[in-house]
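Subject: Handover of a structure

Dear colleague,

Please find the structure below, together with an account of what was found in it.

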Amino acid sequence: MPHPHIGTKQTNHSSWVSTGRHLRARASFGGELWSGLGWESLGNVSESELRGQLATLIASFDAPVVIAGIADPGIKLFKLHLDEAGTPQVSRLSRLTWAELRSGRDLLDQALRESLRGSVVESVLVIRSGSGREQEAAGRVIREHSVGAQVIEVTGVKIEGLLRDLVAETPLRQAYDLVVVRERAHDGTLELVGRRLFAKGSVPGEPADETVTVTDPSGVLIAISAWATPVQPSALVSLHHAPLPPGRHRIKAVLERPGVVRFPGIPGLRADDRPWSEIVAALPVRLAPPPPPVHLICAVEVTGTEEEVGARQERAGELIELLADIHPDPRRVEVSVIAYGGHVFGNRYPDRSAPEVAVWAASPIQALDALRSLDAEPSQYPVGAQVEDMLAEVDARLRPGTQATGTVLLTVGARPPHPPRSDTSRVLPCPNRYDWQQLLRGLEQNHGLRTGAIWDGEPRHAPPAWRRLGSAALWSAAVPADEDLAIRLGVLPPSSAPLSLPLIT
Amino acid sequence: MSTVRAQWAIHGKLDRSWEEYAVIDSSHEPLARSDFTRIIDLFKSGTMEAHEQTKVGTSYFTGADGQSWVGLSRQSESDSRDGLGRIFAITEFVCVPWRELPASRVSYRALYDALNKRGGLPGPQPVILEVAGYDAAYLAGKVTDIARAAAALLLTGEHVCVVGADHLDFRERLDFLDAAAALLPYGFRRELAVSTWTSSSTRHRIRLSFAEVAPPDSTFKLQWRPDGSARVHDVPGSERIRSYVMQYEETLRGYQGQAMTNLIGFLAGQIEPRSFEKPEDCRSALSLLREPLPEPQPKPRPQPLPKPLEPAVRDQHTMSAKSPVQLLEDVLDAFRRWDRPRLGQLILRLRELADAGIPDPDRLSCRQLVRTSRLRFQSYRLNLPELQSFVPSLVNLLFTAPVQTGDIMEVILPEDKERRPTLNLRQLVCEELALLPGDQLSPAAKLLVADFSGRKQLQSMLSEMADEKLMEAAYELQSEVPTRIAVDEIIRRLFQEKSNMIDIVGQSNYLLRPIRFIASGEERIRYYRNVINACLGSPPRPEGLETILRQVSEIPEDFRAAAVLEAPPRSSSVLLTAIVMDDVRRQGLEGTPTGIAIDDRLSRMATPATEPTQTDEQTDDQDDDQDDEKPRRLNRVRNTLEGLFGVRFFGILVFVFAIAMTVVLVVRLR
Amino acid sequence: MALPSPNPTPHEPDIAMWGGVGSGKTAFLASLSVALNRAEGANEGWRIIGADDVSNSELTRLRTNLLEHRIFPRPTDVLTSYNWLVIGPPTRGRRVWWAPWKRHPARAPKITFSFLDGPGGLFGKSEYSVSKEELIKSLVKSRGLIYLFDPDRRGQISDAFKNLDVALREVESQMLGDDKYLDGKLPHYIAVCITKYDEPNILRLAEEYTDHGLELPRVPDDQARDFFREVLARDLDQNAGIIMRLLEASFHESRIKYFVTSSIGMYADPDKGFDPDDPSNIIDVPGQDQKIRGAVHPINIMEPVIWLGRMLYPKTMGRER
């Protein structure tokens, strides 16, 4: 067995000569070690033997192993290592032909140094399947670098293909779990847990399934994590987004090979490359509570031009439609529509005009019909409207022991209420002397009424009365009513962060 | 349609103001805001009530400089409100110096319409109002018994109030007021305040107005009736006044239909200022009405001028009565003596004669007579019916269509351009000519007349004139100033490049003759240069110059000089060719062997100059400054060397190589 | 050119109206035309008619606007005179000593009042104006004055002062120049009317002077002066306080009388009557003519006129204060 020695470097090749001094320096250092240990050779083996030996290696190694395949065309260096998730991986480090090596001996030297540098390479395995002067020389160089290198000599083996096959066939070294979310029993907060799909030692081709609940209408994330120990999950094996509708689903999984789990039967599945930390951070603390029952009272001022009143009807209608569409439980939605106008002054006979309840506590559809049937009336006294009479009407209807939780009063109009008595506004007092502020306070205190308003003008120009009427939300009649308004009014629950992971109960 | 410059003011309140009514905006000069305040105050007709119609009223006053003004106001409801939230009245007021009114004989309605059409009254400047002409026929159509009665009653000096016309639109009321005023000599309008509505509980100064009820005491009340019938029965005061009013009314009643139109036209001519406060002015109104009215003049102007007479007719004509010259002399004499009855007859005969046409020699004599006449007319007499019928007839007598400048030059004298308070006969003729329709005068004659009628007239005439007509005028005019005007205008249009003037100028020999007529020496060259420069356009090109020079026949020396001065770069050969060929033409050598040879030679001389690269270089070099001379020469030497080197370098290389090889061979062989 | 003379008016005014812009002069007259016909109690039986065609038509117009169109008069642009005949209730027939067996037929007092109403701000302007001159002339010639003071003119009181001051100077310089009035005071009777009592804020201000015992609240005449002083004192303008002193320095104290007036009165519901919570009788809509809401209830409108009448024509109307 040739030993690395200064004297053995007898060659005509100029490049070998030029770097000779450097190699000599290293060799003299390593030489002392070497002389004591010597080369370990496994000798000539058959292909099946090699297979068995390599499979054992792949199933059991912990530290990375560099495998040098020395064959007729040249040298290939491979690295066998475990990735973050503990899955064995084989990767080619470099490939050098003899022609290349002939032009510069230090190429191999450099390649080896790079392969071994920076990682804790426990061992180097040299598989030699060719023989010749170059092969011999290369073997010597490898030995110079790694004194503990094992050498296996086989013939006619494609080393790369063999390694890759073996890595794909190896049984799982860790258990694979599906990452799911469940509610903690004591406080309802959400926690991440794993549902075992594949136990340690599972071999590729094994199927598994798990039934989960999808809550986010935009789909669910299927995350597989590998658990090295029962406590500590190792890194994520894979992350996919499955566009499944909300509801319960049985997710089927097949272990393709270590590190790859297939989910047959989910159309539209695609890999998701978001960082896991981001996904975890976006998870809600708790599941959204079920929406409370809602009673929306739309009080629409019907004095004004056709356009003005039309816009008010449209806004109120939009909100009711929204409620019917989005509210998770439309059966718990009630809507009332009240039309109110203006008081009439300057007539000889007393003013008998009063707000008209078009529909009370009806379904959204009935309310929409009632709302659309309202007609615009010309304004007799364009500086005030019967807001206070409308409030009195609402008060009277809510009073007899109605459970008024979730009652929202939405006033849609332009003109301020009449004051209960003459004041500096020059708006004439309400003939019935209703005090709108007092009524409003009473409604809020007695029935927990929330008040919102849609005003004809821009909210920032709204007079104080309208600000008060829209204390929960003040909206412009020029802007379509949207979810934001519904949420501010409290008729829709605030949208919490969606739960993107599967839920188990 | 005529224009008047009117001072203006707006009286009312500012939006949300707590202040009293005031003039809130006005023109600045020459009337001060206090003048406006005073006149508007003086002629207020009462507080404007809710839902009242627009009120239109007239007023008058004398400015600080003694100038008389006549004003018209339009009052309507404000869009905005005062501090108490009340709608208030906004009065738009315009006033015009009295002296400007008779000239265009503005009616109240015309002034109102002009104000209405004007829209806003912005800025400190006066507004220019476009006022329709005095329409006697329209006014005559508005004359009713009530209008007659109102006119007659106004002459008593008392106020007249028409009641029972609340339902009428204010414009109809304004027409009524206008019609009543038209039945008085125009001069009364200088001090006549009228209003389409007054409040009788107000102490107003409106002489003639409409109201719901008439003010108590000494105001005449006229009841409006749908059929317009009214009669003045009870006129208080002395029997004399009473009978006077009745007579005036009765006399007016005598005019109906066309006669009424004529009467209104006649009264509109009575522009001497009159005052209702002066009994003599009122008295003379009736005598004016009683005078035998001048011949009805159904708009005498403009009439087509007679055609020149056929000789046969002419002979027949000379046989009869007086010669035209004698008749004209008689007329002028009658004017001098102001013998009105005789004048009427003579003018009638003159008109007949003029309508029939007179022989040319008579016409020339008549022109001579007018040219030498020293008769002058006071401007206030210009509206006299005699004069108004005489001047058109005289023009008919003196000219035949189309009138040429020569004809006019035979009549007018250069000093007629000077304006004096009085006008002479020639100036009247000139003004009459200016009124003739376009086809009756040659373009040059039009310019000439316009020049005599004043610069303003000339400007407007020029701006309306078509390019061709202008060119025609420039060539035909024999008078320096109008020619100069025409030429200047042509050059102005040339530079504007908007019209097809360039083509026209090209066809008309580049204004050579008119310019020669109006300018000499350097000035003439300057003119030519302008023409050439404008015709060359921008940027000037040699081809352009070539075109010009080819079009000009017999290029005068000064035009040549101008062409040289305006010649664009690289046009020396063009100039040379044009000038030499012009000489060839002048000497009748065109087509002769010599001429052909010269042409041939010229074109050969010009040929290299048309080779693009070399000519460019050469001319560019010529254009360079002298300072660049040395470096340029050096450059040229270098260029030459480089050229030489470049072409022959390879040859030399081959030659040297061959020698070297030979030497090597020889050495080896040895 | 001579200044044109205005159309003559038959009467020199007995009573000249006078007050700042928007102080309610024409409204006062309009209200007067209905006030007399509505009067009850001591003043019952008074009527007003136009003394001639013109005044009759004006009277009708003022009334129509107030009662039918329910609008206020437009701002007065020009001096306007109204000649009205005020006819009182017939006195009881009297017995006389020479024929004690029969009563003389009853006679109704009948006085022609000539009012002159002009634009309010004439004296606020320094420049000469024809109307101003005429107004001064009429103030000089008249014997009774109705001076209207609008207490609701936020920040406009200084105008009122200027108006009063200038006018008084002008009138005094014309009347007191010679020795006719030795006591140095103007000879007029003057009814000082604090107007717009119906305005809610004025009502509130007048609360402590108000007599609530009546159908509609009103400030009794003996409280009016104190109320006037209070109004002036409350004003931020320092000149406000001088107004009263100015008036009392220029006129005999005995010839000044204060009234708190309202042309249209407070609103009284046809069923429920007056409600202090809802007193305003004006429908005030921005951008529209102010309209009168309910029935017109003139307050202290005829009183100043009758008072002036009694002062000016004691024989006809009976002297009584």
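Arg218(C) counts as partly exposed because its relative accessibility is 25%, where partly exposed lies between buried (under 20% relative accessible area) and exposed (over 50%), taken with a 1.4 Å probe and protein chains only. Glu303(C), at 18% relative accessibility, counts as buried. These two residues form a salt bridge, with the closest N and O atoms 3.5 Å apart; the term stands for a side-chain nitrogen of Lys or Arg within 4 Å of a carboxyl oxygen of Asp or Glu. The pair links distant parts of the chain, 85 residues apart: Glu303(C) belongs to helix 8 (residues 302–312) of chain C, and Arg218(C) to the loop between helix 5 (200–205) and helix 6 (221–234) of chain C. Helices (H or I, at least four residues) and strands (E, at least two) are DSSP runs, numbered from the N terminus.

Please note that this is a predicted model, in which local features need pLDDT of at least 70 and side-chain atom pairs count only at pLDDT 80 or more, while totals for chains, interfaces and linings use all residues. Residues are numbered from 1 along each chain as its sequence is written, chains are lettered from A and ligands numbered from 1 in the order in which they are written, and side-chain values use heavy atoms, with hydrogens and water left out.

Over all chains, the structure holds 59 salt bridges. In chain B, Arg560(B) and Asp582(B) meet through their side chains in one of these (3.5 Å, N to O). This pair, too, links distant parts of the chain, with Arg560(B) in helix 25 (residues 557–566) of chain B and Asp582(B) in helix 26 (residues 572–586) of chain B, 22 residues apart. Both Arg560(B) and Asp582(B) are buried. In chain A, a salt bridge joins Asp272(A) to Arg274(A), whose closest N and O atoms are 3.1 Å apart. Asp272(A) is buried at 11% relative accessibility, whereas Arg274(A) is partly exposed at 37%. A network of salt bridges links Lys76(A), Arg92(A), Glu160(A) and Arg164(A).

I turn now to the interfaces. Between chain B and chain C, 50 residues of chain B are in contact with 47 residues of chain C, contact meaning heavy atoms within 4.5 Å. The two chains bury about 4400 Å² between them, 53% of it on carbon and sulfur atoms; buried area is the accessible area (1.4 Å probe) that two parts lose on being put together, summed over both. Three salt bridges are counted between chain B and chain C, including that of Glu49(B) with Arg61(C), at 2.8 Å between the closest N and O atoms.

Between chain C and chain A, 20 residues of chain C are in contact with 17 residues of chain A. The buried area there is about 1500 Å², and carbon and sulfur atoms give 46% of it. Asp277(C), Asp284(C) and Arg293(C) supply 32% of the area that chain C buries against chain A, more than any other three residues. The count of salt bridges between these chains is again three; among them, the side chains of Asp275(C) and Arg433(A) meet at 2.4 Å, N to O.

Yours sincerely
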